[in-house]
Amino acid sequence: MAANPNRLHRLLRHLLTGRWTTRKRFPAPVLADIEAAVKRHERLHPGEVRFAVEAGLSLPHLWAGVSPRERAIEVFTQLRVWDTEDNNGVLIYVLLADRDVEIVADRGVARGRVPQSEWDACCRAIEKHFAAGRFGEGALAGIEAVSGVLARYPCGRPDVGDELPNAPVLL
């Protein structure tokens, strides 16, 4: 039986996309800009935003056929984005090898009333910049877009403070 060429192509992409790729696209000054943007934008709404970048999936994840969305949910849990008083955390997850951006919002974010099209638009804003090689600009555009959604769909309570770290995470 022949191997699935798409699966083989994905496997190679992930194995060849190393942490050096992440560091090249998200150097220290860009990471500092992301952290500052998260802090600045969280003052505009009661939500909590985390930004995470992963170069590629591990071999076990690839073998199991884990999708970018499934991995984003896993990272949401690992980073404890759900661990806020009002369940108002949002994760922006970037999987470089798949050129994919996922947004995972906790159940308290507008009580789940944010249309999926809003989150999709945030992802497309990020991906547009990334496709042009502007990773810093894409990250900042994504944080701004997500913050706009959180401001339009507040969770119903005033901000309770900065509950989650603002620094981006490189996985």
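Me: Before we look at the sheet, when do two strands count as a pair?
Reply: Two strands pair if DSSP finds at least two bridges between them. Keep in mind that this is a predicted model.

Me: OK, so what order do the strands come in?
Reply: The order is S3-S2-S1-S4, four strands in an open sheet with mixed pairing.

Me: Which strands stand at the edges?
Reply: Those are S3 (100–105) and S4 (169–170). Each has a single partner strand, so one side of each is left without a neighbour in the sheet.

Me: And how do S1 and S4 pair?
Reply: S1, residues 48–54, pairs with S4 in the parallel sense, over two bridges. Val-53 has Leu-170 of S4 as its bridge partner, and for Ala-52 the partner in S4 is Val-169.

Me: How many bridges join S1 to S2?
Reply: Seven, and those two strands run parallel. If you want one to find, look at Phe-51, whose bridge partner in S2 is Ile-92.

Me: Why is S1 described as largely enclosed?
Reply: Because seven of its seven residues are buried. Buried here means under 20% relative accessible area.

Me: Which residues sit on each face of S1?
Reply: One side has Glu-48, Arg-50, Ala-52 and Glu-54, and the other has Val-49, Phe-51 and Val-53. Both faces are covered. As a general point, side chains in a regular strand alternate between the two faces of the sheet.

Me: Switching to helices. How do H3 and H7 sit against each other?
Reply: The axes of H3 (residues 28–42) and H7 come within 10 Å and cross at roughly 10°. Angles under 35 degrees count as roughly parallel, and H3 and H7 are therefore roughly parallel to each other.

Me: What residues make that contact?
Reply: From H3 they include Val-30, Ile-34 and His-41, and from H7 they include Ala-139, Ile-143 and Ser-147. By class, the contact has seven nonpolar, three polar and two charged residues.

Me: Now the largest nonpolar core. Which residues touch the most other members?
Reply: Among them are Phe-26, Phe-51, Ile-92 and Trp-119, in a core of 30 residues. H3, S1, S2, S3, H6 and H7 each give two or more residues to this core, and H7 gives the most, with six.

Me: What is Trp-119 in contact with?
Reply: Leaving aside neighbours within four places in sequence, its contacts include Val-90, Ile-103, Val-146 and Leu-150.

Me: And what does the second core include?
Reply: That separate core has 15 residues, including Val-66, Val-75, Leu-79 and Tyr-93.

How values were computed:
Residues are numbered from 1 along each chain as its sequence is written. This is a predicted model: local features need pLDDT of at least 70, side-chain atom pairs count only at pLDDT 80 or more; totals for chains, interfaces and linings use all residues. Side-chain values use heavy atoms; hydrogens and water are left out. Axes are lines fitted to C-alpha atoms, for helices over the stretch in contact, and angles run from 0 to 180 degrees between N-to-C directions. Angles under 35 degrees count as roughly parallel, over 145 as roughly antiparallel, 65 to 115 as roughly perpendicular and the rest as oblique. Contact means heavy atoms within 4.5 Å. Ala, Val, Leu, Ile, Met, Phe, Trp, Tyr, Cys and Pro count as nonpolar, Asp, Glu, Lys and Arg as charged, and the others, Gly among them, as polar. A nonpolar core is a set of buried Ala, Val, Leu, Ile, Met, Phe, Trp, Tyr and Cys residues joined through side-chain atoms within 4.5 Å. Buried means under 20% relative accessible area, exposed over 50%, partly exposed in between (1.4 Å probe, protein chains only).
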